[in-house]
Amino acid sequence: MKLTLKIWRQNSPKEKGAFKTYILDDASQDMTFLEMLDALNEKLIAENEDPVAFDHDCREGICGSCGMIINGRPHGPGKEITTCQLNMKAFKDGDTIVIEPWRAKPFPVIKDLIVDRSAFDKIMEAGGFINTDVGSAPEANTYPIKTHKAEEAFEAASCIGCGACVAACKNSSAMLFVAAKVSQYALLPQGKVESLQRAWNMIMKMDELGFGSCTNTGACEAECPKGISLAHIARLNNEFIKSGFNKLFADKH
Amino acid sequence: MSNFFVSSIGKKFVMSVTGMFLILFLIVHLTVNSMIIIDDTGALFNKAAHFMATNPIIKIIEPILAIGVILHILFASLITLQNQLKRDINYPGLRRYKKYDTCASTNWQSRNMYILGTVILTFLVIHLINFFWKIRYTGSPLLEQPTILSSEIKNVYALVTTRFTTWWYVLIYVIGAVALGLHLYHGVWSAFQTLGWSNRKWRKILNVIGVIISVILGGGFAFIPLFVFIKSII
């Protein structure tokens with residue numbers, strides 16, 4: 001099938017970028033979206049042009065590397081999929097596809113469709129960890145955990161940190177990401193020790209890095225490839241407010 | 001703790017607490033207003049208005065209410081301004097980038113709370129000038145019209161029912177009430193979510209409660225002026 005691709009091309013963070021139009025004649029509906037981009041790049045290399053730079057790694061929806069805005073939606077059309085899981089069956093012959101990088105102040109463009117998501121790593125460093133004994137794995141039944149809590153924590157832990165929530169949010173807020181990371185620990189006994197510090201430190205870091213605030217529109221939840229619920233944001237809010245009051249009333253924190 | 005109100009969640013916390021307080025006020029206000037419909041002699045409404053104007057508890061709550069309104073507006077402006085700055089990104093080569101609209105996945109009112117709030121504020125100013133200010137300070141000949149009650153009680157009923165005989169004035173009230181309804185449609189659930197008082201189950205319940213509150217308050221405040229207007233022309 002024949003496709004018209006409008007792709008954001010930008011050589012470096014400082015240089016000017018612009019949309020460039022490419023025509024791809026030999027795309028197939030059997031391709032994945034990234035294979036279609038590979039086909040375009042092969043064509044560009046053969047024509048001695050600079051190939052389009054994009055992030056990708058596992059190509060099975062679990063690494064969180066790939067991510068671009070396709071026709072205005074993070075990870076393109078389709079529910080709960082990453083860009084690499086997007087199939088060209090979602091498009092038809094003669095379609096125009098607009099492809100952009102994640103747009104958010106804390107995610108500067110490195111090149112073309114690749115953005116720097118190290119802001120997420122900085123948020124994780126601020127509180128996304130637990131303190132635990134090292135050594136051999138503990139006996140599995142040391143901590144009894146209710147099934148529904150384990151499942152809720154697991155859903156939170158399924159966040160792959162792709163940044164679609166930030167890209168979808170009109171305020172460029174990273175609340176869903178932080179909520180998932182706080183939630184996965186807050187529900188489990190192993191995470192209780194740092195719970196009064198974790199939400200506080202991660203949110204303070206999130207604000208410092210220039211992410212916006214949450215206005216509960218739910219765009220993040222709708223675009224999250226892992227279907228992470230806004231319920232986790234409620235938990236994060238709760239944890240953060242608890243931290244705030246603890247700082248006010250406790251003599252040591 | 002001082003950092004709390006600077007943080008993104010802390011600012012939302014203020015929005016949430018003041019918003020909930022303002023909803024309580026609106027429920028009381030609508031209850032008093034409904035007396036206009038219940039008793040068309042106006043005695044019940046005049047008595048209720050007199051009670052609200054003279055009750056010492058209301059005197060204490062009044063300044064708190066004013067502070068609540070001011071904080072709600074100030075923090076909303078701050079949050080909206082800060083979020084706008086994060087929204088428009090000056091990418092080299094792109095003159096002005098507006099984040100694409102996620103209409104399909106979010107509702108209109110949740111994305112336009114500040115605009116709805118501005119409409120409500122404009123309405124509030126008009127409303128205060130025409131009623132609160134006249135009743136409290138400047139007075140009006142309508143307020144002095146004799147009632148079947150004691151002479152101390154002002155005839156607020158006469159002022160209200162006379163005002164609502166003008167069609168465009170009623171229209172302002174209907175627009176204000178619809179904006180309020182839409183604001184609360186998102187606001188009620190959002191207030192609980194921000195305080196962390198929501199989860200999968202309660203989200204559904206709170207959404208229903210939000211719709212009920214927005215229909216009752218928005219619909220109620222629109223209905224009363226319309227009721228008075230229609231009664232005056234038939």
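User: Let's start with the core. What is a nonpolar core, and which residues of the largest one touch the most other members?

Analyst: A nonpolar core is a set of buried Ala, Val, Leu, Ile, Met, Phe, Trp, Tyr and Cys residues joined through C-beta atoms within 7 Å. A residue is buried if 20 or more other C-beta atoms lie within 10 Å of its own, exposed if 12 or fewer, and partly exposed in between, with C-beta atoms placed from the backbone. In soluble globular proteins, nonpolar side chains tend to be buried together. Here the largest core has 77 residues, and those that touch the most other members are A:Cys165, A:Val166, A:Ala174, A:Leu176, A:Val178 and A:Ile203. Helix α5 (residues 175-186) of chain A gives the largest share, nine residues.

User: Before we go on, what kind of model is this, and how are its parts labelled?

Analyst: This is a predicted model, where local features need pLDDT of at least 70 and side-chain atom pairs count only at pLDDT 80 or more, while totals for chains, interfaces and linings use all residues. Residues are numbered from 1 along each chain as its sequence is written, and chains are lettered from A and ligands numbered from 1 in the order in which they are written.

User: Which residues is A:Val178 in contact with, leaving aside its neighbours within four places in sequence?

Analyst: A:Val178 is in contact with A:Ile123, A:Met202, A:Ile203, A:Met206 and A:Leu236.

User: How should I read the secondary structure of each chain?

Analyst: Helices (H or I, at least four residues) and strands (E, at least two) are DSSP runs, numbered from the N terminus. Chain A has eight helices and seven strands, whereas chain B has eight helices and zero strands. Of the 253 residues of chain A, 47% are buried; in chain B, buried residues make up 31% of 234.

User: In what order do the strands of the open sheet in chain A run?

Analyst: Two strands pair if DSSP finds at least two bridges between them. Five strands of chain A form an open sheet with mixed pairing, in the order β2-β1-β5-β3-β4. Its edge strands, β2 and β4 (73-74) of chain A, each pair on one side only. Within the sheet, β1 (residues 3-10) and β5 (residues 96-100) of chain A pair in the parallel sense over four bridges. On that pair, A:Lys6 stands opposite A:Val98 in β5(A).

User: Finally, how many residues of chain A are in contact with chain B, and which element gives the most?

Analyst: At the interface, 40 residues of chain A are in contact with 37 residues of chain B. α8(A) gives the most to chain A's side, eleven residues, and β2 (17-24), α6 (195-208) and α7 (219-223) of chain A are among the elements that give two or more. By class, that side has 14 nonpolar, 16 polar and ten charged residues. The classes are simple: Ala, Val, Leu, Ile, Met, Phe, Trp, Tyr, Cys and Pro count as nonpolar, Asp, Glu, Lys and Arg as charged, and the others, Gly among them, as polar.

How values were computed. Two residues are in contact if their C-beta atoms, placed from the backbone, lie within 7 Å.
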